[in-house]
Amino acid sequence: MSFITEDFLLYNPTGRRLYHEVARELPIVDYHNHLSPELLAENSPFEDPTELFIRSDPYKHRAMRMHGVPEGEITGDVGSRQLFDNWAATVPAVWGNPLHHWNALELHRVFGIEEPLSPQTAAPVWQTIRSRLQEDGFTPQGILTGFGVQTLCTSDDLLSDLTHHRRATAHGKLEVYPSLRGDTITGIDHHKFLRWLARLVEAAGTKVTDLDSYLAAVSHRLEDFAAAGCVLADHALNSGFRFYDAQESNARRTFDRVLRSEANPVRDIEALKSYLLVALGRCYAKRGWGMQLHVGAQRRTSARLRTLAGSAGGYASIGSPAHMESLAGLLDTIEGQGGLPDIVLYTLNPADNAAFGSLTGSFTEDGRPGKVQFGPAWWYNDQLGGIRDHLQTVANYGLLHHFIGMTTDSRSVMSFSRHEYFRRILCNLLGEWVETGHLPPSGDWLDQAVTNLCHGNARRWLDTKQRHHAQLES
């Protein structure tokens, strides 16, 4: 018998009513995820359960490592059934971890499987899922529409193939748009930067001989993103990020040395990155795009796992608290040099919550509610306590009324069950506040608040940017 009951995580009458009568059937607008646009465009059935929800999920890989499963049997040349059995053997050890809830939700909601996954149930669960995957409706888009997904924005490098998004949308089940992942644009100290730059030159059909021509080539490619419906960009500001208000002449000299493969002092590299972030922020603002900043991941941990599992292998950790002077300096400089785009701030370190929550009130725009958002609980914070803490922080230091809601930040179609997870936690928390007298008794305002936080705010946030894009095009 599954513990995922109708009232899972709903501990008060008001919360139960809000979830079942208001939140449950609302469409999903997921504005930041790492799904493959090609997977959505092809929309072919999954080969087996492992391909569906284990092989592409670094959260599960991390748990298996911690349980002692050899790396070669996780990310190596391991057969699908063996990897599935390795995960089944790990699941009984993840109680208390959000993976326990997520895995149960995935199996229950998509396949109606109530028994917990374990070594004892692995064979029948494998067979049930494998059989169901042959049925109509269990394609990537079929699973997503089953979750109620309406709109997706994937995360795409500046040189990604953008034709897949149109093909995916053409199926008529959901809207699929690109969003720019801009880390390669600012990654001028990465050992592969010059090779990436050569590809950009080819894609833009222009030469890059200095900083100006580089930014022109980037802008050319941004036009392609805009034409494909992109209205969002995203940048990772990893642990240790520092902002330096670089002089243009110094930025030019540093970039010239990059082109010549000459060494640069660390301070000059960071100053050039800061210069590029400001230039990109101004560009996004002119286009009416939103700018998402993911802050605080410690991505350099185990060099061994980086070699074995790749750059997104699930071995990064929470970094040091953010340098708030740098973050505020970045936003202030963009704002002072031509206007700030709509901003979404994410932190991986929960020690930053109050600081991020308060920073949202430091940058505003007339007639633009929710100009700067403290984005949803991200990565390690995307769990029961983390989501509650995040919602409380937004309410304490900002306006929860304008919060744009949940996003998955995931590579797996099955992980969209996390929207249900978020909605249950949200409704229970609001119900708790009502029943303890922290909020007025439930009424139309409360139902509307739940509607906005689960769907309406994100829908309007994207629609505003798409209307701005349409006006520019006309």
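Biologist: How do the residues lining the second largest cavity divide into nonpolar, polar and charged?

Modeller: In this predicted model, that lining has seven nonpolar, three polar and one charged residue. Its members are Val29, Ile404, Gly405, Met406, His419, Phe422, Arg423, Leu453, Cys454, His455 and Ala458. Arg counts as charged, so Arg423 goes in that class. Gly counts as polar, so Gly405 goes there.

Biologist: Which elements give two or more residues to that lining?

Modeller: Those are α19 and α20 (444-473). The largest share comes from α20, with four residues.

Biologist: What makes this space a cavity and not a pocket?

Modeller: A 1.4 Å probe fits in a cavity but cannot get out, whereas a pocket is open. The second largest cavity has a volume of about 40 Å³. The search of the whole structure kept cavities of 30 Å³ or more, and it found two.

Biologist: What is the volume of the largest cavity, and what lines it?

Modeller: The largest cavity holds about 60 Å³ of space. Its lining is Tyr59, Tyr346, Pro376, Ala377, Trp378, Trp379, Asp382, Thr407, Thr408 and Asp409. By class that gives six nonpolar, two polar and two charged residues. Asp counts as charged, so Asp382 and Asp409 belong to that class.

Biologist: Asp409 again! Why is Asp409 called buried?

Modeller: Buried means under 20% relative accessible area. Asp409 has 14%, so Asp409 is buried. Asp409 sits in the loop between α18 (384-397) and α19. There's a backbone detail too: Asp409 has a positive phi of about 50°, although it is not a glycine.

Biologist: Where is Asn43, and what is its phi?

Modeller: Asn43 is in the loop between α2 and α3 (49-53). Its phi is near 55°, a positive value in a residue other than glycine. With a relative accessible area of 11%, Asn43 is under the 20% cut-off, so we call Asn43 buried.

Biologist: And Gly329, buried or exposed?

Modeller: Gly329 comes out at 18% relative accessibility, under 20%, so Gly329 counts as buried. You'll find Gly329 in helix α16 (residues 324-336). Gly329 and Arg242 are 87 residues apart in sequence, and their C-alpha atoms are 9.4 Å apart in space.

Biologist: Then what makes Gln150 partly exposed?

Modeller: Gln150 has a relative accessible area of 28%, so that's the label it gets. Gln150 lies in strand β2. Leaving aside neighbours within four places in sequence, Gln150 is in contact with Pro27, Ile28, Val29, Leu174, Glu175, His455 and Arg459. Gln150 and Val125 are 25 residues apart along the chain, and 29 Å separates their C-alpha atoms.

Biologist: How do you know that the buried residues of helix α9 are on the same side?

Modeller: Helix α9 (residues 163-170) has His164, His165 and Ala168 buried. They cover an arc of only 100° around the axis, so they sit on the same side of α9. What covers them includes α2 (37-42), α8 (140-146), β2 (149-157) and β3 (175-181). Just after α9, Gly172 takes a positive phi of about 85°.

Biologist: What makes a set of residues a nonpolar core, and which members touch the most others in the largest one?

Modeller: The largest core has 149 residues, and Leu52, Trp87, Tyr214 and Trp289 touch the most other members. Helix α14 (residues 266-287) gives the most to this core, with 10 residues. Setting aside neighbours within four places in sequence, the contacts of Tyr214 include Phe193, Trp196, Leu197 and Phe255.

Biologist: Last one: what lines the second largest pocket?

Modeller: That pocket has a volume of about 390 Å³ and is lined by 19 residues. Arg109, Gly146, Phe147, Gly148 and Glu420 lie nearest its centre. α6 (98-111), α8 and α19 (418-435) each supply at least two lining residues, and α19 gives the most, with four. The classes are eight nonpolar, five polar and six charged.

Key: Residues are numbered from 1 along each chain as its sequence is written. This is a predicted model: local features need pLDDT of at least 70, side-chain atom pairs count only at pLDDT 80 or more; totals for chains, interfaces and linings use all residues. Side-chain values use heavy atoms; hydrogens and water are left out. Buried means under 20% relative accessible area, exposed over 50%, partly exposed in between (1.4 Å probe, protein chains only). The arc is that of the directions from the helix axis to the C-beta atoms. Contact means heavy atoms within 4.5 Å. A nonpolar core is a set of buried Ala, Val, Leu, Ile, Met, Phe, Trp, Tyr and Cys residues joined through side-chain atoms within 4.5 Å. On a 1 Å grid over the protein atoms alone, a cavity is a set of points where a 1.4 Å probe fits but cannot get out, and a pocket is an open set with protein on both sides within 12 Å along at least five of seven lines; lining residues have an atom within 4 Å of a point. Grid points are joined across faces, edges and corners, and a volume is the space filled by probe spheres set on the points.
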